[in-house]
Amino acid sequence: MKKYLLLLLFLGIGSYLLAQEKYTLSGTITDIESNETLIGVNILFPEISNGVTTNSYGFYSITLPEGTYKVQLSYLGYKDIVETITLDKNIRRNFSLSLQTQSLDEVIIEENVERVKIRKPQMSINTLTAETIKNIPVVLGEADVVKAILLLPGVTSAGEGASGFNVRGGAADQNLILLDEATIFNSSHLFGFFSVFNPDAVKDLKLYKGGIPARYGGRVSSVLDIYQKEGNSKKFKVNGGIGAVASRLLVEGPIIENKAAFLIGGRASYAHLFLPLFDIDNKALFYDLNTKINFKINENNSLYLSGYFGRDLFSIQDSFENVYGNALGNLRWNHIFSDKLFSNASLIYSDYFYGLDLDFVGFEWNSGISNINLKYDLTYYLNEKMKIYSGINNLYYTFNPGKISPNGPDSGIVEEQLIKKFANEFAAYVDIEHKITQDLTLQYGLRYSNFTRLGQDEVTIYRDNQPVTFDPFLLIYQSADPIGVDTSRSRSDKLATYNSLEPRLAAAYALNDDTSFKGSYTRLVQYLHLLSNTSSPTPLDVWTPSGPFAKPQILDQYALGYFKNFSFRESEFTLETEIFYKDIDGRIDYIDGAQLIANNEIEEVILQGEARAYGAEFLLRKNDGALKGFLAYTLSKSEQRTPGRNENEIGINQGEWYNTPYDKTHDISMNLSYDLNEKWRFGSNFLFQTGQPTNFPVGQFQFQGITIPTYGPRNEQRLPSYHRLDLSATLTPRKNKDRNWQSEWIFSVYNVYNRMNAASINFRQNVETGTNEAIRTSIFGIIPAVTYNFKF
């Protein structure tokens, strides 16, 4: 009897295991014309409500029970593919997608609003479609990725002509900006008028504002992750554009057909060439170069070599010249170990250089920051319910705070090198995407980071280890007097070490295929600080590492969201709403009168406090039809404070909370595009923002015949509200269809109603009347522009 029971049990277990036999479908998805891998393609199995998306290198993998399935491939701007696949063994299946329409590849930035996204745990992520980017009118007619991002909820800037961008009340230096995995330290050309990203070379863009995956770290506000195109391995292609102040050209083609390809793109401004016609002996110009080579060794191995080099030059006659820019390089190796395991190894170099030549005082000034990054990432597709991401990376930093050199034999300046600083940052992470049930999906992970401030030539010593002292009689903070200098340190010494655990958690609960609630918690640690006393970054700002006197910044962010796809009058809409709260410990603040430039002992002018930001974001998209667009609104508050270090100190601003320079209570933006016909397309955007916090004099007194203004608490006043309307019209000749050369004309008007938005307001005494008066400085009024784009 026992033998029969054991036999039945064995047969039952065997039948169960056989019924549960599973196989893996994997492969790479590319563009049929260029062989470019496609990021974020949806591979859907509608009959079982399951699916997967391609990773940053176009690879996908999904494990399902044995059976016959209908598989649907969906990617915005491309034709869907629907096939029936019998999964009775592990299958490697590559797909190629074709474009729905032939339009200029001005920017390929994909946002997929398929309903499967409702069930994804990732939130606080924004992207824009290529069509939206192309229709956004911008200053001087130059398409600009960063200017387009500023239309999204929770994203602002310090104003026109301001560098960088601010996310959810954070500073510009708290954004991690990556181009092909390499760090961009300054994202602007011409002091903020343009970004460093050539729109023709951009392949994919994602902006993470919260719920940031564990593979990212090092900044506490956001991640802007941009990948360049790989190059067309099937045929040569050329595209470019001619604008009012700059032109661009991009060439790509095969080195070995279907196996290796190259891409090279360049931009340059030329407005300075016309200045001599008006007897102006000044210059303001920029240029940049994007390059990439990819080589497909075999089905399981690919190599990529990419680079970027950009420079800006600004000069005033022959007495002043300013040169600055980024240089990047990345060598990557993709390897597929199996149908479930994908890897990427990268060796990355990033450099930011700032140079200043002052002929009238006879010296040159050079400073910068560079790093070398070695990273290795693995993606393991465990089964249809779980994906595991893991990896390590190590960054070695060199900080050059400045070197002064004579620029001629008669200069009289003695060469001086400010003390260079060095640091090492190591990180390891694991991140898991886990489908618990059909309606509940989690993404949870942990990042460990270690930061070591390494030895340097000189280390200043202070009494009681306090580089900043407080005068209890004058009630002010002052730089401490050093009591000695330690010159015995070697590069291998550790001046300070910090270890951090950074947990990440995100969850999505779907009520149905169209509606879900999401929540996330994110901890991030930032070990670098940007020293700046302006509201937006400038090329002269200096990066400095955490160390004995400057602790890292630590962020905790919480977010909740409601997401819904719905139809109204035969149109498809998406509604995204989120509330967030974040607090930051270790935010840098400056004592009154702080000198940041050419300061070897920068610890003598900084204190550390805390910051917080909270708010609500709303985004309504219209996704189809001739009229498309979105409406975004953000209600938020951003504050910081630096209390006294003990009960005897008053802190900065009496230790009270005050508005950060990037606090914008109300932020409204609307973007619309309308396809009239195949020939004409129109675009518009409107922006409104609460004025930037600032300080105006609240009184004055006389001292020895001089009028001296007095000020109240920090950032107590505001500039007037900022708003403007932009319009554009795109003309695509009908003859484009019948010839290889394709082109379009873009006519744009920036600031249509000529609003003179205040960049600053300064106060002075009128010499004639003796009364005080306010002077408003504005950068742009109404600006019409024409751009001609082409490709062949």
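View 1. Ser302 lies in strand 22 (residues 301-316); helices (H or I, at least four residues) and strands (E, at least two) are DSSP runs, numbered from the N terminus. This is a predicted model, in which local features need pLDDT of at least 70 and side-chain atom pairs count only at pLDDT 80 or more, while totals for chains, interfaces and linings use all residues. Residues are numbered from 1 along each chain as its sequence is written, and side-chain values use heavy atoms, with hydrogens and water left out. Is Ser302 buried or exposed? Ser302 counts as buried, at 14% relative accessibility; buried means under 20% relative accessible area, exposed over 50%, and partly exposed in between (1.4 Å probe, protein chains only). Not counting residues up to four places away in sequence, Ser302 touches Phe295, Lys296, Ile297, Arg332, Trp333 and Asn334, where contact means heavy atoms within 4.5 Å.

**View 2. The largest nonpolar core.** Here we look at the largest nonpolar core, which has 23 residues. A nonpolar core is a set of buried Ala, Val, Leu, Ile, Met, Phe, Trp, Tyr and Cys residues joined through side-chain atoms within 4.5 Å. Which residues touch the most other members? They are Trp365, Ile369, Tyr397, Phe399, Leu528 and Trp543. Two or more residues come from each of strand 24 (341-358), strand 25 (363-383), strand 26 (386-406), strand 34 (494-510) and strand 36 (528-531).

**View 3. Strand 41 and its partners.** Strand 40 (residues 606-622) and strand 41 (residues 627-641) are antiparallel, with 13 bridges between them; two strands pair if DSSP finds at least two bridges between them. Lys622 sits opposite Gly629 in strand 41. Strand 41 also runs antiparallel to strand 43 (residues 666-675), with 9 bridges joining them, and Leu631 has Met670 of strand 43 as its bridge partner. With strand 42 (residues 658-659), strand 41 pairs in the antiparallel sense over 2 bridges. Glu639 has Asn659 of strand 42 as its bridge partner.

**View 4. Aromatic pairs.** A pair of aromatic rings is described by the distance of the centres and the angle of the planes. The whole structure holds 31 aromatic pairs. Rings of Phe, Tyr and Trp (its six-membered ring) pair if their centres lie within 6.5 Å, and planes under 30 degrees apart count as stacked, over 60 as edge-to-face and the rest as tilted. The pair of Phe236 and Phe262 is tilted because the ring centres are 6.1 Å apart and the planes stand at 55°. This pair links distant parts of the chain, 26 residues apart: Phe236 is in the loop between strand 17 (222-228) and strand 18 (237-242), and Phe262 is in strand 20 (residues 260-269). Phe236 is exposed, with a relative accessible area of 55%. Tyr521 and Tyr558 form another tilted pair, 5.2 Å centre to centre with 40° between the planes. Tyr521 belongs to strand 35 (residues 515-526) and Tyr558 to strand 38 (residues 553-568), 37 residues apart. Tyr521 is partly exposed at 21% relative accessibility, and Tyr558 is partly exposed at 41%.

**View 5. A cluster of rings.** Ring pairs join Tyr57, Phe59, Tyr227, Phe342 and Tyr381 into a cluster. For context, the protein chain has 3 helices and 53 strands, and 54% of its 792 residues are buried.
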